Amino acid sequence: MNTLAAPSTDLMSDLPRERIARFFAAESARFLANHPQSRALHAQAARHFLFGVPMHWMADAPSPVPLFVDRAVGARLWDVDGHELIDFCLGDTGAMFGHSPEPVVRALAEFGGDGATPMLPSSVALDVAALLEQRFGLPMWQFTATASDANRFVLRWARAITRRRHIVVFNGCYHGTVDDVFVDLAADGSTRTRPSLLGQVHDPATFTRVVEFNDLPALEAALAAGDVACVMTEPVLTNIGMVLPDPGFIEGVRTLTRRHGALLVLDETHTISCGPGGYARACGLQPDILVLGKPIAGGTPGAAYGFSAEVGARMQQAKGAAVPGHSGIGTTLSAGLLTLRLMRAMLAEVMTDAAYARMFVTAQRVADGLEAVIAKRGLPWCVTRIGARCECQFVPQRPRNGSEARAAFRDALEAALQLALLNRGVLLTPFHNMVLACPAHTAADADHLIAAFDDALEALGAA
Ligand SMILES: Cc1ncc(COP(=O)(O)O)c(C=O)c1O
């Protein structure tokens with residue numbers, strides 16, 4: 001959440017702050033009245049959990065008390081007060097293909113008592129690798145428990161095999177809880193550690209350079225010294241609102257990394273929503289290393305990184321040449337049998353071309369509908385869609401980099417609208433306005449979201 005000092009009128013949306021605050025208060029009261037069970041559980045939870053939630057950032061959602069969930073299937077989620085919600089948050093992409101997909105439920109049932117974590121290879125791992133290679137074009141793979149882990153380990157490999165210490169990321173990036181990339185671009189163009197980072201005594205800015213997305217000259221300057229191990233990026237920034245690459249930008253990143261001997265690491269954890277082979281495959285791009293996570297094990301912990309044979313050979317050489325002992329790469333519960341069986345079910349049966357086609361149709365319908373509402377009301381906002389994902393940003397032109405995207409944040413307005421949508425039966429992602437379509441969403445679900453958005457704006461008195 002950004003904390004930019006806001007003027008009394010929200011200049012871009014032209015909505016008085018007092019009106020947003022009154023609207024938020026009314027929606028909060030409505031939420032509290034309709035969620036007695038969530039309130040009761042939250043009161044009990046305060047004894048056990050930080051901020052009354054099992055993971056602290058669940059408390060950052062806009063509702064006055066957290067929504068306690070009962071269960072979720074497909075595109076639907078039921079809370080403990082019995083409300084049925086259309087879920088466009090989908091666990092912030094962890095359930096990108098819907099909650100509890102049938103092949104995953106079946107794989108879980110068939111798994112029975114087969115032993116989740118023998119810490120040994122299996123033929124299932126080979127099945128998964130074959131499916132991954134077929135989809136992403138990279139022959140070699142390693143597995144981790146989370147995408148954060150995958151990114152951390154990839155940075156370590158990149159430094160080990162290039163024998164270079166620096167890395168480059170783009171302003172506004174998020175790659176999970178990876179300290180090295182918790183950096184921002186300061187006004188003077190320098191890299192500074194993100195002030196929100198807790199408890200870190202080493203300064204990530206020492207070996208990390210940050211440049212703006214869509215700025216190839218800045219990237220070239222950051223690579224020029226020949227000391228950069230890798231550039232890590234999402235092909236579309238998704239964690240600061242969405243920022244699309246200009247035509248040729250990602251291809252330019254590929255050219256520059258090759259020219260300067262740096263590896264290109266594409267984090268497709270979110271952009272796997274762009275197509276069955278992620279953004280890279282859709283655009284014919286060849287990263288050196290590609291990271292996947294969140295949805296690929298059916299919403300259970302599981303992630304993977306893939307790489308070229310050449311990179312794999314260099315990794316083997318680096319590990320072989322190192323002193324035996326802890327490499328700092330890997331965790332005990334990675335590549336377990338259960339995780340791999342769930343990945344196989346997802347890749348073979350859930351993340352199909354047909355599923356993507358349905359997701360894209362719904363996402364397009366949502367984007368068109370939101371744009372129509374915004375146009376009807378004359379609001380200076382824009383909508384960006386790529387693949388199954390779309391997002392409303394509170395500026396008239398799509399931001400081209402992290403600074404512009406950050407400047408489009410309107411925290412109070414965003415929270416008020418999200419809460420209003422929740423009260424109207426629609427769940428969005430709390431940390432931005434992401435709308436994610438899964439195969440189970442219907443045209444009626446999309447229309448419900450659009451009508452709820454329009455109704456919320458009406459209640460807010462937005463033009
Ligand atoms: C692009 C990207 N990479 C990696 C991660 C980390 O995923 P996880 O929190 O599952 O480790 C995230 C989380 O939001 C992400 O957005």
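Predicted model: local features only at pLDDT ≥ 70, side-chain atom pairs only at ≥ 80, totals over all residues.
Residues count from 1 along each chain as its sequence is written, and side-chain values use heavy atoms, without hydrogens or water. Local features need pLDDT of at least 70, side-chain atom pairs count only at pLDDT 80 or more, and totals for chains, interfaces and linings use all residues.

**Exercise 1.** Work out whether W57 is buried, partly exposed or exposed.

*Solution.* Start with the cut-offs: buried is under 20% relative accessible area, exposed is over 50%, and partly exposed is in between (1.4 Å probe, protein chains only). W57 has 34% relative accessibility, so W57 counts as partly exposed.

**Exercise 2.** Find out which atoms of A147, N239 and K294 pair up with ligand oxygens.

*Solution.* First, the rule: a polar contact is a pair of N or O atoms within 3.5 Å; within protein, one must be able to donate a hydrogen and the other to accept it, and residues adjacent in sequence count only if both atoms are side-chain atoms. Next, go through the residues:

- A147 uses a backbone N or O atom, 3.4 Å from a ligand oxygen.
- N239 uses a side-chain N or O atom, at 2.9 Å.
- K294 brings a polar side-chain atom to 2.8 Å.

Finally, check the cover: on its own the ligand has 390 Å² of accessible area (Shrake-Rupley method, 1.4 Å probe; for residues, only the protein chains shown count as cover), and the protein covers 87% of that.
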